[in-house]
Amino acid sequence: GRRPNKKELGVGSLTSTLRTLLFFTALMITLPVGLYFSSKAYVFEGSLGMSDRDSYFYAAIVAVVTVHVVLALFVYVAWNEGSRQWREGKQD
């Protein structure tokens, strides 16, 4: 089958794509930063009683892992959305 052109995909898919992009952009900004500070204060220093220096290190690891998880989720969602749009636009 052939891929649909931009007119066939329509405005609905563009809004859906932009909404997905904005959602993951917001997640990318808030989640790693929020988890960095909360894990540093409550988990590593609070519960585990680590020193300030150690808690910075482990909280940074939590933030980096969070960034990778958000990126992986974005790629997964974008891939599924793109293949779904391609299947809907496909004419047999």
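Q: Before anything else, what is a salt bridge?
A: A salt bridge is a side-chain nitrogen of Lys or Arg within 4 Å of a carboxyl oxygen of Asp or Glu. In this structure, Lys40, Glu45 and Asp52 are linked in a network of such bridges.

Q: What kind of model is this, and how are residues numbered?
A: This is a predicted model, in which local features need pLDDT of at least 70 and side-chain atom pairs count only at pLDDT 80 or more, while totals for chains, interfaces and linings use all residues. Residues are numbered from 1 along each chain as its sequence is written, and side-chain values use heavy atoms, with hydrogens and water left out.

Q: How many salt bridges are there?
A: The structure holds 2 salt bridges. In one of them, the side chains of Lys40 and Glu45 meet at 2.4 Å, N to O. Lys40 also forms a salt bridge with Asp52, with the closest N and O atoms 2.9 Å apart. That pair links distant parts of the chain, since Lys40 is in helix H1 and Asp52 is in helix H2, 12 residues apart.

Q: Is Lys40 buried or exposed?
A: Lys40 counts as buried because its relative accessible area is 9%. Buried means under 20% relative accessible area, exposed means over 50%, and partly exposed lies in between (1.4 Å probe, protein chains only).

Q: Changing topic, how many helices and strands are in the chain?
A: The chain has 2 helices and 0 strands. Helices (H or I, at least four residues) and strands (E, at least two) are DSSP runs, numbered from the N terminus. Helix H1 covers residues 6-47, and helix H2 covers residues 52-89.

Q: Where does UniProt place the transmembrane region feature?
A: The UniProt record, an unreviewed entry, places "transmembrane region" at residues 21-44 and 56-79. UniProt positions are given in the numbering used here, feature names are shortened, and annotations may be inferred rather than shown by experiment. In the model, residues 21-44 are 100% helix, and their end C-alpha atoms are 32 Å apart. Residues 56-79 are 100% helix too, with end C-alpha atoms 35 Å apart.

Q: Which residues does Ser39 touch?
A: Not counting residues up to four places away in sequence, Ser39 touches Phe44, Ala59 and Val62; contact means heavy atoms within 4.5 Å. The C-alpha atoms of Ser39 and Ala59 are separated by 5.9 Å, although these residues are 20 apart along the chain. Ser39 counts as buried because its relative accessibility is 7%.

Q: Which backbone oxygens lie by its side chain?
A: The side chain of Ser39 reaches the backbone oxygen of Tyr36 at 3.3 Å. A polar atom of that side chain also lies 2.7 Å from the backbone oxygen of Leu35.

Q: What about the surface: which residues form the nonpolar patch?
A: The patch is formed by Phe57, Tyr58, Ile61, Val65, Val69 and Leu73, with about 530 Å² of accessible area together. Patches are made of residues with over 30% relative accessible area and no salt bridge: like charges are joined within 9 Å, nonpolar side chains (Val, Leu, Ile, Met, Phe, Trp, Tyr) within 5 Å. Accessible areas come from the Shrake-Rupley method with a 1.4 Å probe; for residues, only the protein chains shown count as cover. Val65 counts as partly exposed because its relative accessibility is 46%.

How values were computed: A polar contact is a pair of N or O atoms within 3.5 Å; within protein, one must be able to donate a hydrogen and the other to accept it, and residues adjacent in sequence count only if both atoms are side-chain atoms.
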